[in-house]
Amino acid sequence: MHNLEHRLVRCFSSVFPDLDEEQIRNASIDSVPGWHSLASVTLISVVQEEFGVQVSLTDLPNLVSFSAVQNYVQHHVAS
Amino acid sequence: MKLIDALAVIRRPLPENAPLLRVSLACGFTPLHLETFLTAGLRERSPVERVEVTTGLFGDLAGNIEGIRSADGDVLVAVIEWQDLDLRLGIRNLGGWRVAELPDIVKSAHRMLARLEKAILTAAASIPSYISVPTLPLPPLFTTPSQQASAYELELRQAVSSFAASLATHARIRILSASHLDEISPPAARFDIQSELSAGFPYQLSHASAVAELLAALIRNPSAKKGLITDLDETLWSGILGENGVDGISWHLDQQAHIHGLYQQFLASLASAGILTAVASKNDPALVQQAFEREDLLIDNQSLYPIDVHWGPKSESVRRILKTWNIAADSVVFIDDSPMELAEVTAVFPGMECLAFPKTDYQAFWQMLRRLRDAFGKAIVSEEDSIRLDSIRAASHLHHSSNGEGTSLDSFLQDAQASVAISFGKEKEDHRAFELINKTNQFNLNGKRLTESSWMAYLNDPTTFLMTVSYEDKYGALGKIAVLLGRMRGTAAIINYWVMSCRAFSRRIEHQCLSWLFQNFDLQEITFAYQPTDRNKPIQDFLASITTTPLTGDVRVLRIGFSGKCPSLFHQAKATVNA
């Protein structure tokens with residue numbers, strides 16, 4: 001699990017390079033000014049590629065924070 | 001490359017004064033990750049260059065290309081997909097796939113291809129252009145089952161092929177190879193329908209990465225190798241000449257030696273494109289001469305020079321061949337079937353690419369041919385390429401005949417019936433001049449290279465000039481061998497770039513260049529933007545011979561000083577001046 005979190009932090013860091021690790025763990029679409037639609041698409045693409053998961057269009061609008069993405073990945077990687 | 005790695009590459013720090021490459025990326029879809037991968041691919045290939053990619057409007061590929069101006073970008077990259085030819089060939093627009101509409105879809109695609117061709121040709125007149133033709137599968141709009149090609153589909157593909165073939169003949173247009181792309185990006189795994197519908201980006205990440213990587217390789221391609229040195233026994237032919245005799249060696253299918261025939265055919269192809277090809281063999285020279293008299297050889301001994309045959313170490317042959325060619329070891333590939341010979345040459349020339357001839361492994365042989373084609377690949381074969389080997393032979397003859405400097409050289413040059421043809425003007429399509437600037441190391445004023453876009457920008461500057469020099473004497477033509485780029489300032493000239501092919505050394509052509517400039521434009525001084533490099537000693541020596549000032553930074557040569565130091569010139573000079 002720790003490894004998954006570490007890889008996810010790396011994914012976030014690639015899209016939001018100005019955030020430190022702590023800020024990434026608390027990141028949400030409201031708290032990160034650069035988290036606009038293009039960043040969302042890039043972030044989800046990086047996550048899909050890193051974890052080999054396919055995020056469906058219906059789930060996309062819910063992935064608005066680090067913890068939401070983490071939960072999603074945990075659930076789908078496990079399943 | 002993975003997207004996460006591409007993002008990391010883009011964020012790598014750059015030197016403060018990193019030059020800028022401005023890429024105009026034209027595509028009809030959202031460029032999204034393609035833009036990221038392309039930027040990263042270019043940064044990987046040119047780590048000290050800043051890359052700025054600009055894109056146009058969604059859904060208007062032709063308009064985006066038509067809107068490109070040379071002031072906006074250094075290169076154009078156009079990525080075409082089927083929906084750019086007609087919206088009904090995509091899935092984001094519901095325009096109808098009825099049978100009755102198919103002829104109109106094809107007709108409309110023809111019209112759009114004509115418009116795109118015109119737009120690309122206009123753009124390519126001022127900036128180099130790199131084109132990717134449709135890479136995605138066509139949607140299932142045809143009535144035939146998937147195993148059967150529809151006539152409409154075939155017509156569409158034929159139209160795209162004709163379009164690409166027509167553009168590929170242009171000197172400043174490069175077409176991305178569809179067959180090479182097929183190898184690294186399987187066609188069935190390219191289309192991302194969800195991404196296309198949600199974000200307007202139709203590529204799977206792996207496909208976007210592959211397309212971008214190939215485009216980056218087209219834009220920033222590595223320098224091609226210049227020469228190939230081959231072994232003979234069990235390499236150029238099957239068998240050992242000393243044991244099997246001239247009639248016992250073979251390269252034909254019925255003797256299970258066909259790959260040696262293919263290899264000969266391949267070397268002949270390289271030689272015909274101006275690649276230097278030579279032989280290094282431990283053998284009996286008389287027997288080798290007899291072997292080369294066999295009429296069924298697919299490469300003649302005129303295409304191989306030098307043929308260095310003796311019983312000493314191979315590295316000695318290689319050293320002599322490099323000296324004759326006057327090129328560096330890292331520009332050459334050495335091929336031999338013997339691991340021991342390869343190791344010996346590698347030990348002496350660690351920068352040389354040494355390949356084992358895989359005489360029993362046909363797949364490895366095929367891969368070797370493909371590797372060689374990549375290593376020696378060139379976009380355009382020029383007239384100079386076809387005479388390169390002859391001119392090296394002539395240079396060798398000259399070297400042996402003149403045998404040094406002074407009176408002996410004077411009488412030799414006087415007898416050579418040499419003529420130089422000087423062209424002074426701005427021929428932007430002069431690919432040979434551009435090539436010389438970018439491949440010449442030894443007689444090179446400062447080692448600076450020019451990209452196609454910076455070449456165009458330099459020549460578009462009204463204060464600059466381009467001077468090229470071709471040479472011919474009784475031993476043969478050398479073709480275009482020198483290029484000077486500079487600026488005129490009243491009675492002074494500034495030379496920013498000056499290169500001369502090493503084949504043209506020892507003929508006083510460099511003196512003739514300056515003499516002509518001084519006289520024709522009544523110049524009183526010429527300043528050279530000189531910088532020493534690891535390899536430009538020949539031009540250092542030349543400049544030192546015509547000036548007394550130390551060679552630090554710009555070098556100024558006065559007419560009066562040059563006149564006193566210029567040796568006798570025997571060329572007949574013909575000049576064409578186009579202001």
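Predicted model: local features only at pLDDT ≥ 70, side-chain atom pairs only at ≥ 80, totals over all residues.
Start by selecting helix α5 of chain B, residues 102-124, which lies across β3, β4 and β5 of chain B. Its direction makes about 155 degrees with β4(B); such angles run from 0 to 180 degrees between N-to-C directions, with axes as lines fitted to C-alpha atoms, for helices over the stretch in contact. Helix and strand names follow DSSP runs numbered from the N terminus: helices are H or I with at least four residues, strands are E with at least two.

Residues are numbered from 1 along each chain as its sequence is written, and chains are lettered from A and ligands numbered from 1 in the order in which they are written.

**The two helices together**

At what angle do α5(B) and α6(B) pack? The angle is about 10 degrees, and their axes are 10 Å apart. The two are therefore roughly parallel to each other (angles under 35 degrees count as roughly parallel, over 145 as roughly antiparallel, 65 to 115 as roughly perpendicular and the rest as oblique). Show side chains to find the residues that meet: among them are B:Val106, B:Leu113 and B:Ile120 from α5(B), and B:Leu156, B:Val160 and B:Phe163 from α6(B).

Five of them form an open sheet in chain B, in the order β2-β1-β3-β4-β5, with parallel pairing; two strands pair if DSSP finds at least two bridges between them. Which strands stand at the edges? They are β2 (50-55) and β5 (173-175) of chain B, and each has a single partner strand, so one side of each is left without a neighbour in the sheet. From one strand to the next, the twist averages 20 degrees.

Zoom in on β3 (residues 75-79) and β4 (residues 129-132) of chain B, which are joined by four bridges. To see one of the pairs, select B:Val79 and its bridge partner in β4(B), B:Ser132.

**Chain B as a whole**

Zoom out and colour chain B by domain: domain 1 covers 3-219, domain 2 covers 227-376 and domain 3 covers 395-577, with bounds from an automatic or database domain assignment. The C-alpha centres of domain 2 and domain 3 of chain B are 35 Å apart. In total, chain B has 22 helices and 18 strands, and its C-alpha trace spans about 85 × 70 × 45 Å along its principal axes.

**On to chain A**

Finally, select chain A. How many helices and strands does it have? There are four helices and zero strands, and its C-alpha trace spans about 30 × 25 × 15 Å along its principal axes.

Show both chains to see where they meet: 10 residues of chain A are in contact with 12 residues of chain B. On the chain A side, α1 (2-15) and α3 (37-51) are the elements that give two or more residues. The most come from α3(A), which gives five.

Conventions. Contact = placed C-beta atoms within 7 Å.
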